[in-house]
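I record each point in the order in which I looked it up.

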Amino acid sequence: MPVIAFANSKGGSGKTTSALLLAQALSAHRPTTIIDADPRHPITTWAEKPGRPDSLSVVTNTSEKTILDEIEAAAARDPFVIIDLEGTASRLMSYAISQADLVVIPMKEQQQDALAALDVIQEIHRDMKATRRKIPYSVLFTQSRAAVKSRTARHISAQFRDNDHIDTFVTEVHERDAFAAMFSMGGTVAGMDKKLVNGLPNAMANIEALRAEVIAKLRAIRDAEQGRAA
Ligand SMILES: Nc1ncnc2c1ncn2[C@@H]1O[C@H](COP(=O)(O)OP(=O)(O)OP(=O)(O)O)[C@@H](O)[C@H]1O
Ligand SMILES: [Mg+2]
């Protein structure tokens with residue numbers, strides 16, 4: 001049911017990695033579909049390698065003309081639908097945002113990512129006006145250091161965390177070997193061999209924290225919607 005879109009027009013901000021991590025974590029409990037809406041099809045390439053769980057379906061989008069039908073079909077079938085978008089603003093991105101129950105905006109703690117995140121937030125507000133529907137969104141810091149942050153990283157994340165109008169995830173997706181290895185090796189982080197990849201327990205805890213926070217946000221969004229409807 002819930003549709004979660006990952007959007008940031010800045011390339012390399014961590015959309016595909018975070019989307020696939022969340023999809024893996026959710027699909028360990030409930031059937032999940034990930035719609036690969038990036039024309040370079042990174043998730044489809046991942047899915048062609050061994051190790052994709054049966055509970056995680058991949059739909060390869062080929063055109064903006066079909067995305068709305070693909071989202072509708074996936075949402076009717078599976079408890080969770082995740083959309084990985086390409087790193088440029090497009091009509092396809094607007095279509096996906098217009099259908100989302102939650103838009104996750106991944107960003108590195110860098111100035112270019114921050115500016116692009118603000119562009120996406122403006123786009124979401126335009127889509128809210130166009131569709132006359134509240135579209136919840138939240139900024140997710142990615143590729144951050146698990147240990148001490150640089151002063152610049154702290155400064156950039158504080159601009160978002162201290163802004164009462166912008167929701168942010170408490171959980172950050174840290175820079176980890178396991179998260180990059182997933183794309184070269186295929187399969188899930190949970191299925192990796194700890195002899196081959198460093199830091200797997202911390203990587204698993206990071207993914208689980210992301211899953212739990214997304215579920216909590218979706219519950220809060222649903223409760224707020226029911227409150228508005230009552
Ligand atoms: N948390 C992480 N830990 C380690 N490597 C990461 C992490 N997040 C992203 N990367 C690496 O950074 C690069 C860019 O990440 P990713 O492809 O997820 O970004 P993207 O926003 O989807 O990019 P694009 O806009 O090009 O689609 C990839 O090489 C990926 O493996
Ligand atoms: Mg990507």
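Entry 1. The model is predicted, and I read each value below as computed from it. I then looked up Arg211, which is found in helix 8. Its relative accessible area is 16%, so Arg211 counts as buried. Setting aside neighbours within four places in sequence, I listed Leu22, Ala25, Leu26 and His29 as the residues in contact with Arg211.

Entry 2. The chain as a whole. I counted eight helices and seven strands in the secondary structure of the protein chain. The radius of gyration is 17 Å, close to the 17 Å that the globule rule gives for 230 residues, so the chain is as compact as a globular protein of that length. Along the principal axes, the C-alpha atoms fill a box of roughly 50 × 45 × 35 Å. Of the 230 residues, 50% are buried. I looked next at contacts between residues at least 6 apart in sequence, and 76% of them join residues at least 24 apart. The accessible surface comes to about 11300 Å², and carbon and sulfur atoms account for 52% of this area.

Entry 3. The nonpolar cores. In soluble globular proteins, nonpolar side chains tend to be buried together. Which members of the largest nonpolar core touch the most other members? I found Ile4, Ile82 and Val189, in a core of 35 residues. At least two residues of this core come from each of strand 1 (3–6), helix 1 (15–27), helix 2 (42–47), strand 4 (80–85), strand 5 (102–107), helix 7 (177–185) and helix 8 (200–229). Helix 8 gives the most, with eight residues. I then took Ile4 and left aside its neighbours within four places in sequence. Ile4 is in contact with Leu22, Leu26, Val81, Ile82, Ile83, Leu102, Val104, Val214 and Leu218. Apart from this core lies another, of 33 residues, and I noted Ala7, Ala75, Ile97 and Ala117 among them.

Entry 4. Aromatic rings. How many aromatic pairs does the structure hold? I found one. Phe141 and Phe160 form it in an edge-to-face arrangement, with 6.3 Å from centre to centre and 80° between the planes. Phe141 lies in strand 6 (residues 137–144) and Phe160 in helix 6 (residues 151–161), so the pair ties together parts that are 19 residues apart in sequence. I checked burial for both, and Phe141 is buried, as is Phe160. I also looked at the ring of Phe169, where Lys217 lies over the face at 4.9 Å from the ring centre.

Entry 5. Positive phi values. Most residues other than glycine have a negative phi. His41 has phi near 55° and is placed in the loop between strand 2 (32–37) and helix 2. Arg132 has phi near 50° and is placed in the loop between helix 5 (111–131) and strand 6.

Entry 6. Pro42. I went on to Pro42, whose place is in helix 2. Not counting residues up to four places away in sequence, Pro42 touches Thr16, Asp36 and Asp84. I also noted the distance from Pro42 to Thr60, 18 residues apart along the chain: their C-alpha atoms are separated by 9.8 Å.

Entry 7. Ile121. With a relative accessible area of 7%, Ile121 is buried. Leaving aside neighbours within four places in sequence, I listed Ile105, Tyr137, Val139 and Ile166 as its contacts. One of these, Tyr137, is 16 residues from Ile121 along the chain, and the C-alpha atoms of the two are separated by 8.0 Å.

Terms used. Residues numbered from 1 in each chain as written. Chains lettered and ligands numbered in written order. Predicted model: local features only at pLDDT ≥ 70, side-chain atom pairs only at ≥ 80, totals over all residues. Heavy atoms only, no water. Phe/Tyr/Trp six-rings, centres within 6.5 Å; stacked < 30°, edge-to-face > 60°. Helix = DSSP H or I, 4+ residues; strand = E, 2+ residues; numbered from the N terminus. Buried < 20%, exposed > 50% of the residue type's maximum accessible area, 1.4 Å probe, protein only. Lys NZ or Arg CZ within 6 Å of the ring centre and 35° of its normal. Rg over C-alpha atoms; globule rule 2.2 N^0.38 Å. Contact = heavy atoms within 4.5 Å. Areas by Shrake-Rupley, 256 points an atom, 1.4 Å probe, with all protein chains shown as cover. Core = buried A, V, L, I, M, F, W, Y, C linked by side-chain atoms within 4.5 Å.
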